[in-house]
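Please read it alongside the sequence and the structure shown here.

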Amino acid sequence: MLNPHLKLNPKIFNDDVEQTPIRKGFGQGLLLAGEEDKNVVGLCADLTESTQMHLFAEKFPDRFIQMGVAEQNMVTVASGLSAMGKIPFCSSYAMFSPGRNWEQIRTTIAYNDRKVIIVGSHAGISVGPDGGTHQALEDIALMRVLPNMDVISPCDAIEAKKTTIALAKSGKPAYLRLVREKTPIITTEETPFEIGKNEFFWIPDVGLAQVGIIVTGGLMHRALRAAKELEGEGIKTKVMNIASIKPIDVEAVVALAKECKAIVTVEEHQIAGGMGSAVSEVLAEHFPVPIEFVGVRDLFGQSGTPDELIEHYGMGKDSIKEAARKVLKRKV
Amino acid sequence: MFLTEQKIFELERKANDIRMSIIEMLVEAGSGHTAGPLGMADIFTLLYFHVLKHDPKNPTWEERDKLVLSNGHIAPVLYATMAHAGYLPIEELKTLRKFGTRLQGHPHREYLPYIENSSGPLGSGLSQAVGMALADRMDQKDKERFIYCLMSDGELDEGNTWEAIMLAGKHKLRNLIAIVDRNNIQIEGFTEDVMPLEPLQSKWRSFNWHVIEVNGHDFRYLNEVIEEAQAIYEKPTVIIAHTIPGKGVKEFERNYKWHGKPPNKEEAKKALDELRTLGGKIKSEHR
């Protein structure tokens, strides 16, 4: 059942569940963060509206810098702004930032310890028709490997809003990963959120779970539907939302592994180096259990609708269910 | 501020001391860059001992001018100048590039908090300086201090540099002053062979910068053009400073082979002897 303590959206499983792009939550959050702190500034590489930074830019034109199509300059200028006490948010598509400007982020932000928030919108395969060039499937890997860098991937627009407000206050460099497509609203304003802390969105009605499903980003709704159907088949699961891929909530991940002794990870990213890898690093060290990875298996994307692509690359509801059954069989 | 003959003489002596420190650091470290640091010693000396609004006793002074070093590989001249200015003990210079040192092979803020930025990979310093100048503009502080960015000519090969030049021109960043070390060399040869930069003046000018060329070893002239840059109100200024790589040691001068290697003990001894006489000006120390 849905975790009753988290005040999740009661309409999650309705056909008419409200859907909003996760990036919209960022736009609203940045506006609120900007109202709260005059040091918050926005930089964008010619994608202000598609990354939803336009709300901030319209409200605070003097605190918005239009960079042109220059992602390397965007993050290095942000480093300089941060050196002067500003809190810069830099937005572009994830494929270009951090895709194109990784070394600049590494040296002038992470190594230099400058509090800059890199906002990568249009991450994942669900970018759809634009095709493989624009589908960032490597960005979690690129960013989580950097010392000093937090990596957050919210599951819906409301969580994205809360994340944005929290990142403005966090005092650390961070990467915020956003998805373009409309995604069902899962959480509510009342759902607790804290960077570095995971919550269980789905728990068994009674007793212990047999499989732990760990999910990040826009695939949460599919994972919850999979969990519900698995329950119907008599497989009890717990579904953990892991917005904060770094810092990772080691305690919660280990506790889930100890309870279930079988884990499935779900993400719209390459399996290599992504959230599943982060989870497996934790478990290999603390409590090794069988893991099945749902994600893209060493391939580039292609054009198609988001749903077609998510199915084709094995990240749909049925693939999640299949992974759960598979890992259950591997359980010792 | 006007430079008296006496002050110029003092600056020349100071620059010479800094060059000697650079040689001593490099020979002790056994690796590092020689030509660039020696070539930039006069400009660093002028900045730290005459131009910059700064206080070595209070490195985090809020109102200070900012000096962003973009080409971090000339770190020896930064460290030596800072040591002579009182930011760190001169003896510490010998720890350059050694384990546990504050003087990393390329500068790092985490180890040496008195510097404004960590640097090394080329082409991103000017952007950081642009960010600082933009912050000053937002805070209406761009009439109160200057942001200096010291950069190499080699890093003008980097696209990121030109993105920064374009943005600074767009915003007419009046308190931004870039100083390009136009020493004409990079690792693999002369800049005009590796990747031609000329006509460099007109390139910067077409990006809406005020451009000045100067002899990077003439204190009086350098000081005048920095004052001109400070006075230009509607544009950022770039000072293309023609320097001699390896300046001060005949053996090292104008030879790109000295870009990225240190002198050995014997070469260092010869260089120090040459510097001790201040290029022949101090006859009594001739051997």
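Predicted model: local features only at pLDDT ≥ 70, side-chain atom pairs only at ≥ 80, totals over all residues.

The expected span of a helix is taken as 1.5 Å times one less than its number of residues.

**Helix α6 of chain A**
- Helix α6(A) covers residues 157-170, and because its 14 residues should span 20 Å at 1.5 Å a residue, the 20 Å between its end C-alpha atoms agrees with the expectation.
- The helix is mostly covered, with 11 of its 14 residues buried; among them are A:Ala157, A:Ile158, A:Glu159, A:Lys161, A:Lys162, A:Ile165 and A:Leu167.
- After α6(A) comes A:Gly171, which has a positive phi near 80°.

**Helix α7 of chain A**
- Helix α7(A), residues 220-232, has 13 residues that should span 18 Å at 1.5 Å a residue, and its end C-alpha atoms, 19 Å apart, agree with that.
- Its buried residues are A:Met220, A:His221, A:Arg222, A:Ala223, A:Leu224, A:Ala226, A:Ala227 and A:Leu230, and these pack against the strands β8 (182-184), β9 (199-202), β10 (211-215), β11 (237-241) and β13 (263-270) as well as against helix α11 (317-330), each of chain A.
- Just after α7(A), A:Gly234 adopts a positive phi of about 85°.

**A:Asp249 in its loop**
- A:Asp249 lies in the loop that runs between β12 (244-246) and α8 (250-260) of chain A, and it counts as buried because 21 other C-beta atoms lie within 10 Å, where the cut-off for a buried residue is 20 or more.
- Once neighbours within four places in sequence are left aside, A:Asp249 is in contact with A:Gly196, A:Lys197, A:Asn198 and A:Ser244.
- Although A:Asp249 and A:Glu199 are 50 residues apart along the chain, their C-alpha atoms are separated by 9.8 Å.

**Contact between chains A and B**
- Chain A contributes 23 residues to the contact and chain B contributes 23 residues; on the side of chain A that touches chain B, α3 (71-83) and α4 (102-111) of chain A each supply at least two residues.
- The most is given by α3(A), with nine residues, while the residues of that side of chain A divide into nine nonpolar, nine polar and five charged.
- The axes of α3(A) and α4(B) come within 6 Å and cross at roughly 50°, which means that α3(A) is oblique to α4(B), and their crossing is right-handed.
- In this crossing, residues of α3(A) including A:Asn73, A:Thr76, A:Val77, A:Gly80 and A:Leu81 meet residues of α4(B) including B:Ser127, B:Val130, B:Gly131, B:Leu134 and B:Ala135; the residues of the contact divide into nine nonpolar, seven polar and no charged.

**Helices α4 and α5 of chain B**
- Helix α4(B), residues 125-138, packs with helix α5(B), residues 159-171, at an angle of about 20° and with the axes 8 Å apart, so α4(B) is roughly parallel to α5(B).
- The crossing of these two helices of chain B, α4(B) and α5(B), is left-handed.
- From α4(B), B:Leu126, B:Ser127, B:Val130, B:Leu134 and B:Arg137 meet B:Asn160, B:Thr161, B:Ala164, B:Ile165, B:Leu167, B:Ala168 and B:His171 of α5(B), and the residues of this contact divide into seven nonpolar, four polar and one charged.

Notes
Residues numbered from 1 in each chain as written. Chains lettered and ligands numbered in written order. Axes fitted to C-alpha atoms, helices over the stretch in contact; angles between N-to-C directions. Helix = DSSP H or I, 4+ residues; strand = E, 2+ residues; numbered from the N terminus. Parallel < 35°, antiparallel > 145°, perpendicular 65-115°, else oblique. Left-handed = near helix turned anticlockwise from the far one by under 90°. Contact = placed C-beta atoms within 7 Å. Nonpolar A, V, L, I, M, F, W, Y, C, P; charged D, E, K, R; others polar. Buried ≥ 20, exposed ≤ 12 C-beta atoms within 10 Å, placed from the backbone.
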